[in-house]
Amino acid sequence: MNLSELEALGLKNVGNIYHNLSYDELIKHELDNGEVTLTKKGATAVDTGIFTGRSPKDKYFVDRDPSNKYIAWGDVNKKVSAEVFDELLVVAQEQLSNKDLYITDVFCGSSIASKKSIRFVTEIAWQSHFVKNMFIRPTEPELEVFKSDFVVMNACKAVNDKWKEHGLNSEVFVLFDVERNMAIIGGTWYGGELKKGIFSMMNYWLPLEGKLSMHCSANVGKDGDTALFFGLSGTGKTTLSTDPHRALIGDDEHGWDNHGVFNFEGGCYAKVINLDGKSEPEIYNAIRKNALLENVVMYGEGEVDYEDGSKTENTRVSYPIEHIQNHKKDLMAGHPQNIIFLTADAFGVLPPVSKLTKEQAMYYFLSGYTAKVAGTERGITEPVATFSACFGEAFLPLHPTVYADLLGKKIDEHNVNVYLVNTGWTGGAYGVGKRMSIKNTRACINAILDGTIQKSEFDTTKTFRLQVPKTLGDIKPEILNPRNAWEDKELFDKTRDELAEMFIANYKKYQTKDHTDFAPFGPILED
């Protein structure tokens, strides 16, 4: 890389340029810079400072033509003027000038037809390591001819002192200029901003090409049967898609085009709070050299206490997907046979597994119900019931119905089975009931993937009118129908109806003359 490319970004008097360092080189820099601690298993561990989760209220898109005609403006996609962006670009440029810089070139998207070339610029070695873990690492010949489609300038040490004057949320800024193909970050060191920022851009680019972008994990069986797992952070996407009997395509972000499903990323970003080597051996064993832990508590000689959430409940690890022994080498597979919507129901109302009709699938996809898990975002300290369209509304620049329409077409075209799986609470609401066991959830998933659930007899629940199996393998039948798992049936009915009212109220925004109304396939309160 030559200085003229950095000068084109407005960076001046740059010192050493550390361009596409190897893992060994990055780890040496991290340790020499005092950025990380080495763990006993060889992974490095970093503290991301006061920001241990994303800052969604500090994310903005530049209000510029023509992207402003496509972006769904509102609380998720907030406007910033080109003038404010230009001011903060100077702030970022000044922070990154006169410094040694780490430049990392990667791809987002394993599909040749859909991939984007992304360049990250930062002054911190561990952030370069994070990017190297999370995105697709080009080959040496690909790096020789690499030209970026999009640039992220991470000036995390800089802050916006004029944020009130600019009408922004805080001194933190995460800004995207679609037309300039550039993002700038300041005030937060959290690695997830780098990952999810590019995910937001893929969610802008691909649907405009008629391709579906998805917040989901994916794996494929030995017979080529592909499965997708949709869900927000903490619902089990990474855990449940990591299966020793199925090849992992990816754990979080995918596209679906005319050829099939493809991973956006080249690594995994797993939650590690209460990580147990017995129940999640693949993730546990992936934490070795080249893996990067975030905000974990350590003791002794490099030992990690995964049960300690005193820094944050959102402890994480990023690692290259090669650390999962059974991964799909090309990060691609054919069209899915099964789609699973994962939700962590804090009310303990939804069944552990439900079979959905196509219309119900559209309703629950647009609803995107779950419970935000403590620590994933700033200010969330305990699970909170929420609705997030397409199980990822925070990352959707376009209107949710754009993604839903694409999903519906693909379900029809490929005759896909769709299920709703509750990884949340059973036997009572949060604080009274208990979290669904991984063992029972895996049993539900396995029954979906091997087709045995299709042989079950089904009951239809009241109000939500979900089809639940009467029996399923070794799972206790009373768990399968959630009302039977509650001691206080009247309290269950009351809680169920309260949740139904929340669904109904949330869905009203999609009941317009411009879109098919799937409300009749959601919960209906009975007199």
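Some ground rules. Residues count from 1 along each chain as its sequence is written, and side-chain values use heavy atoms, with hydrogens and water left out. Because the model is predicted, local features need pLDDT of at least 70 and side-chain atom pairs count only at pLDDT 80 or more, while totals for chains, interfaces and linings use all residues.

Start with strand β9, residues 173-177. Strands here are DSSP runs of E, at least two residues, and helices are runs of H or I, at least four, numbered from the N terminus. Five of the five β9 residues are buried, so the strand is largely enclosed by the rest of the structure. Buried means under 20% relative accessible area, with a 1.4 Å probe and protein chains only. In a regular strand, side chains alternate between the two faces of the sheet. Here Phe-173, Leu-175 and Asp-177 cover one side. Val-174 and Phe-176 take the other.

Now the partners. Pairing needs at least two DSSP bridges between two strands. β4, residues 59-62, runs parallel to β9 over three bridges. Phe-61 bridges to Phe-176. β10, residues 182-186, pairs antiparallel with β9 over five bridges. There, Phe-176 stands opposite Ala-183. Four residues separate the two hairpin strands, and Asn-181 takes a positive phi near 55°.

On to the cores. A nonpolar core joins buried Ala, Val, Leu, Ile, Met, Phe, Trp, Tyr and Cys residues through side-chain atoms within 4.5 Å. The largest has 88 residues, with Ile-339 and Phe-341 making the most contacts inside it. Helix α7, residues 192-205, gives the most to this core: seven residues. A second, separate core has 26 residues, including Leu-9 and Ile-184.

Conventions:
Buried < 20%, exposed > 50% of the residue type's maximum accessible area, 1.4 Å probe, protein only.
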